[in-house]
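Here is a short briefing on one structure. Please keep the sequence and the model open while reading.

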Amino acid sequence: MSNVVHHINCGTMAPAVALGGRVTPARLVAHCLLVEGDRGLTLVDTGFGTADLAAPNNRLGRAFVMAMGASLDPAETAISQVRSIGHAPEDVTNVVLTHLDLDHAGGLGDFPNATVHVFGDELDAATRRRSVLEKNRYKSAQWAHQPKWLEHKVEGETWMGFDSVAVLDDDVLLIPLRGHTRGHCGIAVRRPSGGFYLHAGDAYFNHGEKEIPPTCPSGLAIFQTLMQLDKKARHANQDRIRTLNADHGDEITIFSAHDATEFDALVGTTD
Ligand SMILES: [Zn+2]
């Protein structure tokens, strides 16, 4: 096992500027992982991509860009950060996605040769877009290039008591955490020094939510409620994350896709 795990932010957002007040954190990130290893580069989530930055109003929607205060910095794209650690985009052989929301799938087009691992229920939800919420959150232009999808489904395996799907041997696993979307997943990534990361995607948004008792800025709590597809499942999965963190926080480092505090604690580390 010779993996190196880089924490990269592929999309700074500043919703407080647009939404006002102290009800949201001043800064959100799009926390992605770039894993260097024997199988090439594996990218976990993709943030915003070059095509999003070239035409943000068309690709992401003017309302989203303004409300979320997306900074749309070319240096933050995954492809730019792949190059800055000395690799070519073609070196990215696998992409693993928590879900297909516009701030997670935007970079897919920058890695057209990669195999894209996705939970089958999520690809189905993003393709069918059955509700108004889903029509707005899923941007089919982000996968119009027809990625090499590899759909996964649950087949009885478990990880730390959660259903799991081994995606790349037992180094990278999809952990279904439904609620934010129909097929939302966390992604467990084995750490070179032992233990795991759990990229919890949008299962929660603020670091205080993985603690007991949970805390969350009110604006962010409202935002999560507005974006949830299944309230009961989302709350149940947050409870399970809190229990996992309390019981196994020493061996499993859990972080959300968007919490800047968690990102700042990990960026620059390569374990
Ligand atoms: Zn998100």
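Two residues are in contact if their C-beta atoms, placed from the backbone, lie within 7 Å. By that rule S71 touches T12, M13 and A14, not counting residues up to four places away in sequence. This is a predicted model: local features need pLDDT of at least 70, side-chain atom pairs count only at pLDDT 80 or more, and totals for chains, interfaces and linings use all residues. Residues are numbered from 1 along each chain as its sequence is written.

**S71**
- S71 sits in the loop between helix 4 (62–68) and helix 5 (78–84); helices (H or I, at least four residues) and strands (E, at least two) are DSSP runs, numbered from the N terminus.
- S71 counts as partly exposed because it has 15 C-beta neighbours inside 10 Å; buried means 20 or more other C-beta atoms within 10 Å, exposed 12 or fewer, partly exposed in between, with C-beta atoms placed from the backbone.

**Helix 9**
- R234, N237, Q238, I241 and L244 of helix 9 are buried.
- These residues lie on the same side of helix 9, because they cover an arc of only 120 degrees around the axis, taken from the directions from the helix axis to the C-beta atoms.
- The face turned away from the buried side carries exposed residues, including K231, H235 and D247.
- Strand 13 (252–255) is part of what covers the buried residues.

- An open, mixed sheet has 5 strands in the order 9-10-11-12-13; strands pair if DSSP finds at least two bridges between them.
- Strand 9 (165–168) and strand 13 are the edge strands, each pairing on one side only.
- Strand 9 runs antiparallel to strand 10 (residues 172–176), joined by 3 bridges.
- V165 has L174 in strand 10 as its bridge partner.
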